[in-house]
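Subject: Handing over a structure

Dear colleague,

I am passing on a structure that will be new to you, and below it I have set out what was found. Please have the sequence and the model open beside you as you read.

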Amino acid sequence: MRYQIDHDYHIHSFLSSCAHDPVQDELYILNKAKELGLSRICLTNHYWDSAVPGASKWYEPQNFEHISKAKPLPEAEGVRYMFGCETDLDQYLTVGCPPSRYGDFDFIIIPTTHLHMKGFTINEEDDPAQIRARLWVKRLEGVLDQPLPFHKIGIAHLVTRLLCGKGKTREEHLATLEMIPTAEMERLFSKAAAVGCGIELNLCDMRFKDYEADVILRPFRVAKDCGCKFYLGSDAHVPHDFDGFCDYYERAVTLLDLKESDKFHIGG
C-alpha cells in the first residue's frame, strides 16, 4: 500500500521564539490538521531544558515550563494531538532534553543540521563546506550513539539549508550535500534502522526543483535501502508554512516509492 499522507509530527506554535504569528496557536494547528485530513499531529516547539548546562541565549527561555504553556492541548474527534518538542544538539554533542524528561513527551525531535548557530551548535571557525559535510556525519552519529528512547525519537531535516549556515547560495548547499560520502550514509542509516528512530521528510526540504531531486533525495534513498522508517514534518512556524503540504509530500512519496511499511510510528 502506498504511503499515506495522514500525519505531521513537526509543528511549532507561537511559543517557539522563531514563530512570530499569534494566529499559530494550538487550536489553529488542530483545525489545520482537520482541513488537511490528518489523523495524527505533534506539537514540537523548540526546547532546551534548564537542567542541561550550555543553553544558548536564544534557547534559555524555551525551557519545559515555557513550552508546557501549550497544555492541555485541544481535542477533536478523529485527530490524535501529541505533545512533543524539538530539542537540539550542541557542538559537544549534548542533547538538550535530559533523561528525566523523556516521559513528559510523546515525541522528541533532534536536529543534527542546525549549523547556523555559531558558537552553540558549531565552532566559529567551522565554515568550509568540507567541514560541514564531515559534521553532518559526526553529529548524526553522535545522536545515534546515545542511550535515547529511539522508539519516540525523530531526526529532523537532514538536508536543510541550515546545514550551510547563513548567507550561502542554493548551489553551495547542494554542493555540501554532495560531499557527504554514500558509504558514510549507509553506515549511519543502518545504525538508525537498528535503533529504530524516525527519519524526517521535512516539508521545506521537499520543496526542491525537479533538477535538484537526485541530490536532495539521495540520503533518503540510502536510508530506505538500509531499512529506515520515515515520518512527515511540516516544520510549520506560521500559517503559510503548511502551503502545498499534500502536493509536495505526494511527489516525495512517488519519487522515493514509499509504502505504508516504510512509515515510522511513534512508540513503535
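To begin with the helices, α4 passes α6 in a left-handed crossing. The residues that make this contact are R170, H173, L174, L177 and E178 on the α4 side, and V215, I216 and R218 on the α6 side. Sorted by class, the contact of α4 with α6 has four nonpolar residues, three charged residues and one polar residue. Please keep in mind throughout that this is a predicted model.

As for the geometry of that pair, helix α4 covers residues 170-178, and it packs with α6 at an angle of about 40°, the two axes being 10 Å apart.

From α5 the residues in contact are T182, M185, E186 and F189, and they meet R218, P219, V222 and A223 of α6. By class, five of the residues in the contact of α5 with α6 are nonpolar, two are charged and one is polar.

Turning to the open space in the model, the largest pocket holds about 450 Å³. Its lining is made up of 25 residues, and those that lie nearest its centre are T160, R161, L162, C204 and D235. When the lining of the largest pocket is divided by class, ten residues are polar, eight are nonpolar and seven are charged.

Two details of the backbone also deserve a careful look. Most residues other than glycine have a negative phi, and most peptide bonds are trans. The peptide bond from K71 to P72, however, is cis, with omega near 0°, and P72 is found in the loop between α2 (64-67) and β3 (80-86). L93, although it is not a glycine, has a positive phi of about 70°, and L93 lies in the loop that runs between β3 and β4 (107-111).

With best wishes

How values were computed: Residues are numbered from 1 along each chain as its sequence is written. This is a predicted model: local features need pLDDT of at least 70, side-chain atom pairs count only at pLDDT 80 or more; totals for chains, interfaces and linings use all residues. Side-chain values use heavy atoms; hydrogens and water are left out. On a 1 Å grid over the protein atoms alone, a cavity is a set of points where a 1.4 Å probe fits but cannot get out, and a pocket is an open set with protein on both sides within 12 Å along at least five of seven lines; lining residues have an atom within 4 Å of a point. Grid points are joined across faces, edges and corners, and a volume is the space filled by probe spheres set on the points. Ala, Val, Leu, Ile, Met, Phe, Trp, Tyr, Cys and Pro count as nonpolar, Asp, Glu, Lys and Arg as charged, and the others, Gly among them, as polar. Contact means heavy atoms within 4.5 Å. Helices (H or I, at least four residues) and strands (E, at least two) are DSSP runs, numbered from the N terminus. Axes are lines fitted to C-alpha atoms, for helices over the stretch in contact, and angles run from 0 to 180 degrees between N-to-C directions. A crossing is left-handed if the near helix is turned anticlockwise from the far one by less than a right angle, and right-handed if clockwise.
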